[in-house]
Amino acid sequence: MSDTHAVVPNDLAAFWMPFTANRQFKKSPRMFVAAKDMHYTSADGRQVLDATSGLWCVNAGHCRPKITEAVQKQVAELDFAPTFQLGHPKAFELANQLASMAPAGLEHVLFSNSGSEAVETALKLALAYQRARGEGGRFRLIGRERGYHGVNFGGISVGGILPNRKMFGTLLTGVDHLPHTHDIARNAWSKGMPPHGLELADELDRIIALHDASTIAAVIVEPVAGSTGVLIPPKGYLQKLRDTCTKHGILLIFDEVITGFGRLGTPFAADYFGVIPDIMITAKGLTNGVIPMGAVLTTAKIHDTFMHGPEHLIEFFHGYTYSGNPMAAAAGLATLETYRDEQLLTRGAELASYWENALHSLKGTRHVIDVRNIGLIGAIELEPMAGLPTKRTFSAFIEAFEKGLLIRTTGDIIALSPPLIVQKSHIDQIVEMLSDILNGLE
Ligand SMILES: Cc1ncc(COP(=O)(O)O)c(C=O)c1O
């Protein structure tokens with residue numbers, strides 16, 4: 001392991017790290033220098049079991065050979081090709097494969113470089129579509145409290161996480177929010193979809209009554225809210241949103257950045273819940289986290305609405321230098337192949353009940369006030385320390401890292417989302433380690 005030490009820099013000042021307690025980190029850094037399958041290797045040579053798929057993205061596990069080889073080959077063969085008025089085959093091939101595996105009707109694909117950019121793409125597409133079909137008065141976007149849609153202005157405007165919003169001025173105008181669906185009092189310890197809260201979908205009717213449907217372009221939600229700490233939709237909730245949107249000519253956007261690519265034991269959450277949006281946002285697992293990429297899928301109806309006028313004119317004024325970049329496209333194709341070869345997109349369904357039982361065995365563990373789960377997602381909510389919200393989970397995170405387990409924490413919630421190659425023995429290990437850590441915490 002001595003050569004891994006050599007790659008650790010001795011000055012950590014310049015990199016202002018994202019979503020990080022920078023001063024704490026730089027006093028006692030936590031570095032990874034390698035990864036394989038279910039494990040990271042830390043700079044001091046320890047194996048760290050990855051219970052979060054990196055950051056909800058390494059769904060096929062780390063350093064998978066097909067993906068590595070595809071990227072290596074691509075960089076030597078065609079490094080960059082513009083996709084403005086030009087193309088290269090792999091971007092089209094990836095779009096075709098995505099369209100063919102997506103829920104019925106989602107047939108066209110716009111590429112971006114991240115989930116945040118995919119969100120902006122989706123919101124702009126929704127507004128532009130409404131205008132293109134002669135409904136330009138529909139300028140409002142409806143998000144949800146506690147929603148996370150990345151960090152760009154559109155995303156934080158429709159998102160509902162306070163610290164992500166409060167520092168950044170007026171945000172987008174014309175945005176309103178549905179209430180979140182978290183209800184520990186009624187739904188604690190639920191397995192899968194919680195029984196209570198269907199009526200929260202009726203809040204969309206209230207918002208429509210307030211603003212009028214003719215001013216609303218789209219509703220955007222995460223089918224399962226991830227970053228806020230895993231909020232699973234109450235039974236029937238998403239279908240109700242779908243019905244209300246359809247009735248009022250409002251587009252429904254699902255942000256599947258974390259739920260996409262097998263996380264719930266189906267290719268997409270739309271498949272799991274049997275509810276199909278008009279626009280679906282993906283990223284993360286699309287390339288197994290290897291090369292940044294996002295993709296927005298939409299219907300022929302929306303796409304075709306733009307396909308008018310003289311053919312030499314651009315139909316939709318939007319795109320990124322790297323939309324459909326060759327390396328990302330190669331990584332995406334190899335990732336989808338790996339998912340297919342190993343049937344990873346449905347593996348979560350086979351493991352879901354084992355996962356559920358293992359996590360719920362933590363009921364009764366010190367500090368734990370709720371456990372919830374769906375597919376291969378889990379959340380353990382802790383009683384916050386008096387006057388010090390998030391401190392207890394932060395301590396759990398540090399302790400876990402030191403003991404060889406990577407978890408993700410948000411607020412006073414531990415969120416778990418292991419790679420889809422996880423074995424039952426890993427699940428046992430995750431739960432045993434968590435139990436030890438929580439029992440030992442202040
Ligand atoms: C639901 C959702 N949307 C958007 C994003 C933003 O993705 P990115 O960090 O790739 O910009 C995330 C990231 O966690 C997410 O969970």
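Select Ala122 first: leaving aside residues up to four places away in sequence, its contacts are Ile253, Ile279, Ile281 and Val296, a contact being a pair of C-beta atoms, placed from the backbone, within 7 Å. The model is predicted, so local features need pLDDT of at least 70 and side-chain atom pairs count only at pLDDT 80 or more, while totals for chains, interfaces and linings use all residues. Residues are numbered from 1 along each chain as its sequence is written.

Next, display the largest nonpolar core, a set of 119 residues in which Ala122, Ala126, Val219, Ile253 and Val296 touch the most other members. Such a core joins buried Ala, Val, Leu, Ile, Met, Phe, Trp, Tyr and Cys residues through C-beta atoms within 7 Å; buried means that 20 or more other C-beta atoms lie within 10 Å of a residue's own, exposed that 12 or fewer do. Helix H14 (residues 326-341) gives the largest share of this core, nine residues; helices (H or I, at least four residues) and strands (E, at least two) are DSSP runs numbered from the N terminus. Because domain 1 (2-60 + 344-439) and domain 2 (68-341) both contribute residues, the core lies between them.

Colour the two domains separately; their bounds come from an automatic or database domain assignment. Their centres, taken over C-alpha atoms, are 26 Å apart. Across the boundary, 33 residues of domain 1 are in contact with 29 residues of domain 2. On the domain 1 side, at least two residues each come from several elements, among them helix H15 (347-360) and strand E11 (368-374). That side divides into 17 nonpolar, ten polar and six charged residues, where Ala, Val, Leu, Ile, Met, Phe, Trp, Tyr, Cys and Pro count as nonpolar, Asp, Glu, Lys and Arg as charged, and the others, Gly among them, as polar.

Move to helix H10 (residues 203-211), whose buried residues are Leu204, Ile207 and Ile208. They lie on the same side of H10 because they cover an arc of only 100° around the axis, taken from the directions from the helix axis to the C-beta atoms. These buried residues pack against strands E5 (140-144), E6 (175-178) and E7 (216-221) and helix H11 (237-248). Asp212, with a positive phi near 80°, follows H10.

Finally, select the 14 residues around the ligand, of which Ser114, Gly115, Ser116, Gly150 and Val257 come nearest; a residue is near if its C-beta atom, placed from the backbone, lies within 6 Å. Helix H6 (residues 115-132) supplies the largest share of this shell, three residues. The shell comprises five nonpolar, seven polar and two charged residues.

Conventions: Contact = placed C-beta atoms within 7 Å.
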